[in-house]
Amino acid sequence: MNAQAPVNAVRSGSSITTRRLSKTFNGMTVLQPTDLEIPAGQILVLLGPSGCGKTTLLRLIAGLERPDGHDMIRFDGEDVSGVPIEKRNVGMVFQSYALFPNMTVAENVAYGLKIRKVERTKREAETRRLLALVGLEEYADRRISAVSGGQRQRTALARALAIKPRVLLLDEPLAALDAVLRERLRVEIGLLLREFGITAVYVTHDQAEAMAIGDRIAVMQKGRIAQIDMPQEIYHRPANDFVADFVGTMNRIAGRVENGVLTIRAGETMVRLNVGGPDRPTTLCFRPEAVRLTSASGAVVARIAAATFFGATQRLVAEVTPECRLQLDLPSSLSFTPGQIIPFDIDPAAILEFKARA
Amino acid sequence: MRQWTTIAGIAITALLTLFLVVPILLSVYAGLTVNYARGISAGFTFEWVRQVWDLYADTVWRSLVVALLTLALTLLIGVPGAYALARKGGRFARAVEEIVTLPVAVPGLALALALILSYGGFGTFRKSTLFVVIGHVLFTLPFMMRSVIAVLDTIDWRTLDEGAASLGSPAWRRFVDVILPNVRPGIVAGALTVVTLSIGEFNLTWMMHTPMTKTLPVGLADAYASMRLEIASAYTIVFLIMVIPLLIGVQLIAGLTERRTKS
């Protein structure tokens, strides 16, 4: 698909292929048969609400769950479906980190190497290198209980990378942290993963995290992948209603298209949007930033209900009709007062139309 | 206000302590008097303690051996057993836990009788100290298991196990490297309970013992039944000399391991 490798990255790790991969718990199918192709070195984010099957998919790739059938998961073309996690050579970062409280930070990072019988001096050197990479050299001899949440998170990452895994799997690795730390580590993890050039699958329910980290994003819904694509594509060209809603803010205008024009009655005035196509009931969607103030006639007019300052931009809540509220992002240099009526244009290229929702 | 409650607290604690300690002190006193009926005027002696040691030293050693063997067996069975039950979970595990706890609810005499009925035919085994040990293991195992299960319930052992597995650790090493160290407080508390219960256990042991496999509490009952009061009381002194350092020792070990896991 649209796998786009960042320049300069050294690619390593295995490619992951799933073929009709599915999982049923007690007669309930939590993951519908799923085909997935992750090239070596790519970071795929599984994004979706809780219960959408993203964690199950991750745990299946990890070997923590057994798939419904044989030959459903391959690393570099080699079937690993029946290989237990301890022999699959995957690096795993858990939401709760799963760090061993009975060991120090350094002992945690070194554990996988100890299991692999890496000779002591080599093991210690490797542990130091990884701790330096995540900026934890000074904390090497601390107990896990004596380091902060962010430091634990980085310890978990260093521990998973230490074993030089074929693929790195991360299950909501930032969910347990506060917002500020989450935002900072999101950037750091993204950079680190790219530096390692490792194949990674990253589970999150946070779309901003998904955008920042993923080479590609798979948006999941009810046990299947609703759309898999690059972040820009997911954002600007969501495949359906669900994806459009889940990723970013989406405005909706519902109405009927007649003779290529969608007409909305707003008080005494009529708002007309040229959309073309056959006559039909429809819902038009557009992002808050797809609007521009205008003085031209035929513009959409709306009454400002509220304005929130965001720094470079401000977000307006504007009513076309009481039933049709829109969120609009405009430069914060402009000043508005609630109750004011503003005319604006919607970028025609940014208007999306989905089949009416069931 | 605070002063008043503090004083009341101290007073109640002191009274409770006296209530518990006075009878023990009286026993110690009785064991050291030449003649308890005549009191202090008759003077003090170590003669009774010496006689007890001459007559019953073997029961002291046997009690220690039984307690240590019991501890070893409950550790070997109870700790992996508790983990297995926690892993298994569900109704089956709860049923097993209940069954294991049963010997505590059943009167010791009944349990001993059941064991004699089952194994009475195996003469050598029936006559050995091991027979007593088996009885003690049945009786103390639930305390070890429950103590370990209680700690398992407070740690996310499943994720710890998965974490170690993802690093390539095979099942037995995950148990040794990750599970055991993190349930250590439960194991220590369980061990303390098992040892003290085993050393003080009377009614099960009384039914199961043979003249050659008497433990300390059984010997104590003997002494009370068949000898003068001073000897029986001196026996209590021997018991205390043995048990108090043991308890302090186990507490110290517990304290040390705790500090290690915390720091």
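With which residue does A:Glu126 form a salt bridge, and how far apart are the closest N and O atoms? The partner is A:Lys164, at 3.3 Å between the closest N and O atoms, where a salt bridge is defined as a side-chain nitrogen of Lys or Arg within 4 Å of a carboxyl oxygen of Asp or Glu. Because A:Glu126 lies in helix H4 (residues 120-133) of chain A and A:Lys164 in the loop between H5 and E7 of chain A, the pair ties together parts that are 38 residues apart in sequence; helices (H or I, at least four residues) and strands (E, at least two) are DSSP runs, numbered from the N terminus.

This is a predicted model, in which local features need pLDDT of at least 70 and side-chain atom pairs count only at pLDDT 80 or more, while totals for chains, interfaces and linings use all residues. Residues are numbered from 1 along each chain as its sequence is written, chains are lettered from A and ligands numbered from 1 in the order in which they are written, and side-chain values use heavy atoms, with hydrogens and water left out.

Over all chains the structure holds 30 salt bridges, and another of them joins the side chains of A:Arg166 and A:Glu78 at 3.2 Å, N to O. That pair links distant parts of the chain, with A:Arg166 in the loop between helix H5 (149-162) and strand E7 (167-171) of chain A and A:Glu78 in strand E5 (residues 78-79), 88 residues apart. A:Arg166 is partly exposed at 21% relative accessibility, and A:Glu78 is partly exposed at 41%.

In chain B, B:Asp177 and B:Arg173 form a salt bridge with their closest N and O atoms 3.1 Å apart. Because these residues are 4 apart in helix H8 (residues 171-182) of chain B, they are separated by about one helical turn. Both B:Asp177 and B:Arg173 are buried, and the buried residues of H8(B) also include B:Arg174 and B:Phe175. B:Arg174 belongs, with A:Glu86, B:Arg87 and B:Asp161, to a network of salt bridges.

As for confidence, chain B averages a pLDDT of 86, and 96% of the residues score at least 70, pLDDT being the predictor's confidence in each residue, from 0 to 100.

Conventions. Buried means under 20% relative accessible area, exposed over 50%, partly exposed in between (1.4 Å probe, protein chains only).
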